[in-house]
Amino acid sequence: MSSGELSDLVRRLEDVTTRLESVSLKTTGDVAVVDSPGINESINNIAKRLQNVAGGESKGVSGKASVASVEAYDDLISGSLDVYLKLSADIGGEVKEHSVMVAAAFKTQRDFVVQVSKCKEPKQEIFLGMLQPMSNHIQAIQQYREKNRASKMFNHLSAVSEGIPALGWVATAPKPAPYVKEMSDAAQFYTNRVLKDYKETDKRHIEWAKSFLKIITDLHVYVKTHHITGLSWNAKGEDATGPVAASTTSVGAGPPPPPPPPPADFATSSGGAADAADDSKIRSALFSDLNKGSDITSGLKKVTPDMQTHKNPALKKQQKGYFKGPTPYKAPTHSSVQPPSREKVPPPVAKKPAAKKPPKLELSGSKWEVEFHEGNKNIVIETTAIKQVVYIYKCNDCTIQIKGKLNSITLDSCKKTGLAFDSLVSTLDLVNCQSIQAQVRPLVNCLNLVLI
C-alpha cells in the first residue's frame, strides 16, 4: 500500500474518533456502551485494513523494492519527461505531435512496471504479449519520422526515433542498463545537429535537445538502480495473464481476429443418417467387388472389331461431337515455306558531328597550348624558359617542332602527329594518342605512354 492510501486511512480514523466523541453514550452502571452500529462497523473495517498494511510491510524488502521502483518511475515521468513535453508543446508542429506519442509510450511502460511489481515472472509467450503494446508505440514513433522526412524538424524527429528504443530495456537481460546508454549515444548524434543548427537562433531548441537526452539519462539511472540484472518480478505476487488494459487506445494495435468457425457436424446435419447409410452400402459393395480377385473383370463387355473406331470409320460419322485427336506433325515442303516478314526498320539516326573548334597556339603563363590543329605541318614553338611546358590536344595530321630546352611535353588525344624537340628536363607524356612519331635530338629523361 502506498503512502497516499495510508494517509487516507489515518484521516478516516480521525473522522471516526470525532464521531465517537460526539455520539451520545448510554451508561449502564460503570460501563459505557456505544449505541451506534455504523461506527462499530467502520472501526472494524479500518482495523482490518491497518492489519493488511502491517502485513504488507512485514513481507520483507521485496515488497518495498517493488513499490520503490514504481515511485521512481513516476518521478521520471513528472520530472524530465514533463520538461520535455512542455518544451515540445512550445515548439509545436511535428515535434509536439511526436512528443504526445512519446508520452503514451512512457505511460504504457509505467503500467508495465506496476504489473511487474505485482506479478511473478510469467512464461515466455505471456511475457511477449505483455511487451507488445510498448513495441507498437516504438514502431509508431519511428514510422512518424519516416513519414515526415521532408520536415524542417527532421533532426528533432530523428533524435527521438533513435533514442526511444531505450524503452526496450525491459526485454534485455542480464544487463539492461548498458543498452539504454547505447540508445542515448545514438540519439546524441542528432541532438548535436539540433544544437548546431539553433545555437545562435532559438534557445528553445537547445533546451529541447538537452531535455530529451536527460530523459534517457534518468531512465539509465532508474534501470541501473531498480533493475540492474533485469526486471525485478515479485516472487510472492500473482500470476501475470497478459498486458494491462491501457486507458487509451493502443497505438498501431488492431482489433483481435475473429474466432475460427466451429467444425461442421455432419452426423447431426439434415439428412445425416440417410447419408451415413448410403455410404455404408457403397463401402460394402466396394469391398465385395475387391474380394472377387481376378473374377472382378468377368462382368466387363468385350469390345469387338466392329465397335472399334479405327477399324470402322463409319462410327466416326455417326457420333456427333466426336473429338479428333491432334494432327500428326508434317515437315514443311520448300514450296510451303513462306519467307519471314520483313518489317520496316527505321534507319538509325546519324549523330551530328561535333562542331569544329578553331585552332589555338598561345603561351598562357608558362604553358604553351596547342589545340585543334588539322593538317598543319609548320607548327614551330621557340621556348624561352626552362620551366615552360607544352600541352598538345586533339591535333590531327600535324608536325610540331619545339626549339630550346623546356620542362615537359604532353600529347592528349592526337592522331598522326609528328613531334620533334631538343631537350626535356622532365617527361614526355602520350595520353590516348594514335600513330604518333616523336624525335628527340639530344636527350629525354622519361617517356610515359598512357592508353585509354
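Lys394 is partly exposed, with a relative accessible area of 40%. In this predicted model, Lys394 sits in the loop between strand S6 (389–393) and strand S7 (399–406). Its backbone stands out. Lys394 is not a glycine, yet its phi is positive, at about 50°. Most residues other than glycine have a negative phi, and most peptide bonds are trans.

Ser413 is a further case. Its phi is positive too, at about 55°, although Ser413 is not a glycine. Ser413 is found in the loop between strand S8 (408–412) and strand S9 (415–424). With a relative accessibility of 23%, Ser413 counts as partly exposed.

One peptide bond also deserves a look. Ala173 and Pro174 are joined by a cis peptide bond, with omega at about 5°. Pro174 has its place in the loop between H6 and H7.

Now the overall picture. The protein has 10 helices and 12 strands. It contains 452 residues, and 30% of them count as buried. Take the contacts between residues at least 6 apart in sequence: 44% of these join residues at least 24 apart.

Stay with the strands for a moment. Trp368 lies in strand S4 (residues 367–371). Its relative accessible area is 15%, so Trp368 is buried. What surrounds Trp368, leaving aside its neighbours within four places in sequence? One group of contacts is Leu361, Glu362 and Leu363, among others. Ile381, Glu382 and Thr383 also touch Trp368, and so do Gln388, Val389, Val390 and Tyr391. Thr383 is 15 residues from Trp368 along the chain, and their C-alpha atoms are separated by 8.9 Å.

Next come the nonpolar cores. The largest has 54 residues. Within it, Phe106, Phe112, Trp208 and Leu219 touch the most other members. Helix H3 (61–91), helix H4 (93–118), helix H5 (124–147), helix H6 (154–163), H7 and H8 each supply at least two residues of this core. Which helix gives the most to this core? H8 does, with 10 residues. A second, separate core has 20 residues, including Val390, Ile392, Phe421 and Cys433.

The buried residues are Phe154, Asn155, His156, Leu157, Ser158, Ala159, Val160, Ser161 and Gly163.

How does H6 pack on H8? Two packed helices are described by the angle between their axes and the distance between the axes. The axes of H6 and H8 come within 11 Å and cross at roughly 5°. The two helices are therefore roughly parallel. On the H6 side, the meeting residues are His156, Ala159, Val160 and Gly163. H8 answers with His205, Trp208, Phe212 and Ile216. By type, this contact has five nonpolar residues, three polar and no charged.

H8 also packs against H7. The axes of helix H7 (residues 176–197) and helix H8 (residues 203–226) come within 9 Å and cross at roughly 175°. That angle makes H7 roughly antiparallel to H8. H7 brings Pro176, Ala177, Val180, Lys181, Met183, Ser184, Ala187, Gln188, Thr191, Val194 and Leu195 to the contact. From H8 come His205, Ile206, Ala209, Phe212, Leu213, Ile216, Leu219, His220, Val223 and Lys224. The residues of this contact divide into 14 nonpolar, five polar and two charged.

His220 is one of the H8 residues in that contact. Is His220 buried or exposed? Its relative accessible area is 19%, and the cut-off for buried is under 20%, so His220 counts as buried. Leaving aside its neighbours within four places in sequence, His220 is in contact with Ala177, Val180 and Lys181.

How values were computed. Residues numbered from 1 in each chain as written. Predicted model: local features only at pLDDT ≥ 70, side-chain atom pairs only at ≥ 80, totals over all residues. Heavy atoms only, no water. Axes fitted to C-alpha atoms, helices over the stretch in contact; angles between N-to-C directions. Helix = DSSP H or I, 4+ residues; strand = E, 2+ residues; numbered from the N terminus. Parallel < 35°, antiparallel > 145°, perpendicular 65-115°, else oblique. Contact = heavy atoms within 4.5 Å. Nonpolar A, V, L, I, M, F, W, Y, C, P; charged D, E, K, R; others polar. Core = buried A, V, L, I, M, F, W, Y, C linked by side-chain atoms within 4.5 Å. Buried < 20%, exposed > 50% of the residue type's maximum accessible area, 1.4 Å probe, protein only.
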